[in-house]
Amino acid sequence: AALAAGVASPAIANIGKANFRSIALDNLHTGEKATIDYWVEGTYLPDALHSVNHILRDYRNGEVHAIEPHLLDLVYLLQKRVESSAVVQVISGYRSPATNAAMHEHIAGDAAHSQHMKGQAMDIRLADIPLDRLHNAALAMQAGGVGFYPSLDFVHVDVGRVRRWGG
């Protein structure tokens, strides 16, 4: 509800007073890589957000959806928290309802109403940070949902309600 009203979680609201926020993404399924300055002097940049939406599209069917800007802030802050200089490796960003339904049907534990379908979740890893450290840092932020998938080598982060699973 806080996000719907345009209010970030406390962890994200205290992101700092930098003049810009930049995120480097590597979509592991499409091979697309980009470094995007998405926030400058208090404003999210529409063209930058459009680029993020494209990179984080449903790679299975090409469907593009708006990515919640606070998700970018969460990943930006998480990366700062663990002092990573690596590109954010994205396993999954947006998932269309059709893709999510197929995954829910075939993968035990996959959420029927995933935050991925709202553009509010990413499955990520950072090459220079151990997965368990990334997971623990995400949990400590208390900024949304955190799933731990060590056998698949990623951490799920979202800007939904605070919750945890996996391990």
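**Pairs, edges and buried spots**

Trainee: Val146 stands opposite Val157 in strand 7. What makes strand 6 and strand 7 a pair?

Mentor: Two strands count as paired if DSSP finds at least two bridges between them. Strand 6 and strand 7 run antiparallel and are joined by four bridges, so they pass. The strands themselves are DSSP runs numbered from the N terminus (E, at least two residues; helices are H or I, at least four). They also make a hairpin with four residues between the strands, where Asp153 has a positive phi near 65 degrees.

Trainee: Okay, and what kind of model is this?

Mentor: A predicted one, in which local features need pLDDT of at least 70 and side-chain atom pairs count only at pLDDT 80 or more, while totals for chains, interfaces and linings use all residues. Residues are numbered from 1 along each chain as its sequence is written, and side-chain values use heavy atoms, with hydrogens and water left out.

Trainee: Got it. Why is strand 7 called largely enclosed?

Mentor: Check its residues: five of the five are buried, so the rest of the structure largely encloses strand 7. Buried means under 20% relative accessible area, exposed means over 50%, and partly exposed is in between (1.4 Å probe, protein chains only). Phe154, His156 and Asp158 point one way and Val155 and Val157 the other, all of them buried. Strand 7 also pairs antiparallel with strand 5 over four bridges, and Met122 has Val157 as its bridge partner there.

Trainee: What makes strand 3 and strand 8 edge strands?

Mentor: Start with the whole sheet: it is open, with eight strands in the order 3-2-1-4-5-7-6-8 and mixed pairing. Strand 3 (43-44) and strand 8 (163-166) each have a single partner strand, so one side of each has no neighbour in the sheet. Helix 2 (residues 46-55) packs on this sheet, touching strand 1 (20-27), strand 2 (33-40) and strand 3, and its direction makes about 145 degrees with that of strand 2. For that angle, axes are lines fitted to C-alpha atoms, for helices over the stretch in contact, and values run from 0 to 180 degrees between N-to-C directions.

Trainee: Which strand does strand 8 pair with, and in which sense?

Mentor: Strand 6 (residues 145-149), in the parallel sense, over four bridges. In that pair, Val146 stands opposite Arg164.

Trainee: How do you know that strand 2 and strand 3 are a pair?

Mentor: They have two bridges and run antiparallel, and Trp39 stands opposite Tyr44 in strand 3. Strand 1 and strand 2 are joined by seven bridges, also in an antiparallel run; there Arg21 has Trp39 as its bridge partner.

Trainee: What makes Arg21 count as a charge over the ring of Trp39?

Mentor: The rule asks for NZ of Lys or CZ of Arg within 6 Å of the ring centre and within 35 degrees of the ring normal. Arg21 lies over the face of Trp39, at 3.6 Å from the ring centre.

Trainee: Last one! Why is the pair of Tyr38 and Tyr44 called stacked?

Mentor: The structure holds two aromatic pairs. In this one, the ring centres are 6.2 Å apart and the planes stand at 15 degrees, so Tyr38 and Tyr44 are stacked. Rings of Phe, Tyr and Trp (its six-membered ring) pair if their centres lie within 6.5 Å; planes under 30 degrees apart count as stacked, over 60 as edge-to-face and the rest as tilted. Tyr38 is buried, at 0% relative accessible area, whereas Tyr44 is partly exposed, at 24%.

Note on methods. Contact = heavy atoms within 4.5 Å.
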